[in-house]
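Load the model in your viewer and keep the selection tool at hand. The stops below can be followed in order.

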Amino acid sequence: MEPSPEEISDPFSEDIIANEIVARSNAIYPIMEPPPEEITDPFSEDITNEIVARLPVKSFLRCRSLCRAMRDLPHNPAFVHKHLQFSSQRNPNLILTDTICRDKGNNLNTLYFVHNEETPNRYSCHKVNLEKPKFQEFRVVGSCNGLICLVHPARRYEIYICNPCTGEHIKIPPPVSMADRPGDIVVGFGVVPMTNKYKVLAIVNFPLHNDFNPLHEKVFVHTLGDTGWRFKDNTSVLRLGQSACKAFVNGGALHWVGGSREIVSFDMDTEEFDVVPRPQLELGRGSFSLRVFKGKLLILNTSFADRIEIWIMDDYRIVESWTRIFTINEQQIGRNIRDVEIVCFLEDWEVLMVYDHRALLRYNLRTASVSELSDIDGLPNRFDAVAHVGTLVSPLLGREM
């Protein structure tokens, strides 16, 4: 008799694969390890790599610490790319930042990695070790393919790129000299998909101290692996605004809300600015923010006191393709809508939200049902959150490992 469907286990589930690799590792490498030349692997290298590339980064790193054959895989560009492809197909994880106030007005920030366990409403939270260098205070301004961009909130020209899962990091040199007395800076981070070149965008304001043109903006671009920055002309787009770059779509373009509430884009490949048309929104004195779902640009219109409107652009740069697809009402959330931030979109039209910097909510747009993720051990008391994909991508691109 055939077993019932519920009795059939998936032979390729991630937990079973991880346990199998650990079991094989423990069997092959006991406390008294035999010489490597006496060890035979029942699986070919290609098959093993194909299996472990499907593991979430947390499971891979746990197995790697126990299996000698896996220890060099993070230095194999082909394997890292394959692992990235599988990781990008899953629901995103989260990077949380909390802030602890200390004496003399100094703050201490801590990073947390919230892992989506691929089971509804099941997440785990782990503190990220960033002791070297000692990140005492920072904010996350971008996340791309497992790398995050950190900027010091006071010394804004201190910029780091790190992989919170592997602990690797680099410090980016300042785009300008402090002797030039630069003003505010807006930082963006992204990648050119065709070349896998990761770039940091810096938009710097220089006060001119006159009534007609109080600010002069200069744009600089840094490619990971290079030693310096390149100056870019900014005559085509004025008043780029102070908001962080929130959306990375259209094959490698950063998008954010400009100073005049237009959607500004920066193509990471051509390094050109543009303005993307937006729909006619009811804004009043409010504004909107940007997100991405399945490669399409989304607008979150947060101008209202009792609801959030979600708009999607089906055809990139075609203004007529903007459609309002959902409205989230305050009564559906059961909380003050002004204290709700939509962090990212999941499969099946669910969203992850942060409420009042202290709770994670999972909301189904189709059923208008909400649940609080309250059983996550290690979750800080107050936090900010950004969507993140856990990968093995190294920020040490073009450098000696």
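Which residue of E6 does Cys 149 stand opposite? Select Cys 149 and look across: the residue in E6 is Ile 161.

This is a predicted model, in which local features need pLDDT of at least 70 and side-chain atom pairs count only at pLDDT 80 or more, while totals for chains, interfaces and linings use all residues. Residues are numbered from 1 along each chain as its sequence is written, and side-chain values use heavy atoms, without hydrogens or water.

Next, select residues 147-151 and 159-162, strands E5 and E6, which pair in the antiparallel sense over four bridges. Strands are DSSP runs of E, at least two residues, and helices runs of H or I, at least four, numbered from the N terminus; two strands pair if DSSP finds at least two bridges between them.

Widen the view to the open antiparallel sheet, with the order E4-E5-E6-E7. E4 (139-144) and E7 (169-172) are the edge strands with a single partner each, so one side of each has no neighbour in the sheet.

Now show Leu 111, Leu 150, Ile 161, Phe 189 and Leu 224, which touch the most other members of the largest nonpolar core, a set of 51 residues. Such a core consists of buried Ala, Val, Leu, Ile, Met, Phe, Trp, Tyr and Cys residues joined through side-chain atoms within 4.5 Å; buried means under 20% relative accessible area (1.4 Å probe, protein chains only). Apart from it lies another core of 21 residues, including Leu 298 and Phe 345.

Finish at helix H3, residues 57-64, where Val 57, Ser 59, Phe 60 and Cys 63 are buried. They lie on the same side of H3, because they cover an arc of only 160 degrees around the axis, taken from the directions from the helix axis to the C-beta atoms.

Methods. Buried < 20%, exposed > 50% of the residue type's maximum accessible area, 1.4 Å probe, protein only.
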